[in-house]
Amino acid sequence: MTVWLAVALGGAFGALARFAVARAFLERGLTGFPWATLTVNLLGAAVLGASSILLAHRGASPPLRLGWMAGLLGAFTTYSTFNLELLQLLLDGRRAAAALYGLATLVGALAAGWLGIVAARTLTGTGP
């Protein structure tokens, strides 16, 4: 499989997964705050961090590595949606919610990515 096809297929599945998460929050009536975007960005950061170690440790092929990381996880997480939702909170005068969302995403994504890397290194025995 070519890298291009792997990224395209990964992207299709990532987009469907992201849609499923958004739908789950919507069906539960959780619409006053961008919980779905925050969830996929934090989860994606953790999985991407772990994947960067695990796939390299296992010698994953470029199509597998890029299909998973750039395709699936790239489509699953989304900065552009984060940006739009943050701006909408600000334009609606919801400064506290905007500050909470912005900080939770930025700090949370860094923490989740770091935890993913540490967990993968621990699993593979490649260091702390």
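Y79 is exposed, with a relative accessible area of 57%, where exposed means over 50%, buried under 20% and partly exposed in between (1.4 Å probe, protein chains only). F82, in contrast, is buried, at 4%. Both residues belong to helix α4 (residues 79–91), where they sit three residues apart, about one turn of the helix; helices here are DSSP runs of H or I with at least four residues, numbered from the N terminus. The model is a predicted one, in which local features need pLDDT of at least 70 and side-chain atom pairs count only at pLDDT 80 or more, while totals for chains, interfaces and linings use all residues. Residues are numbered from 1 along each chain as its sequence is written, and side-chain values use heavy atoms, with hydrogens and water left out.

How many aromatic pairs does the structure hold? There are four, a pair being two rings of Phe, Tyr or Trp (its six-membered ring) with centres within 6.5 Å; planes under 30 degrees apart count as stacked, over 60 as edge-to-face and the rest as tilted. Ring pairs join F33, W35, Y79, F82 and Y101 into a cluster.

Attention now turns to T124. This residue is found in helix α5 (residues 95–124) and counts as buried, at 16% relative accessibility. Its side chain makes polar contacts, which are pairs of N or O atoms within 3.5 Å; within protein, one atom must be able to donate a hydrogen and the other to accept it, and residues adjacent in sequence count only if both atoms are side-chain atoms. The T124 side chain reaches the backbone oxygen of A120 at 2.9 Å, and one of its polar atoms lies 3.3 Å from the backbone oxygen of R121. Leaving aside residues up to four places away in sequence, T124 touches I53, L54 and H57, contact meaning heavy atoms within 4.5 Å.

L5 is placed in helix α1 (residues 3–27) and is partly exposed, with 44% relative accessibility.

How values were computed. Helices (H or I, at least four residues) and strands (E, at least two) are DSSP runs, numbered from the N terminus.
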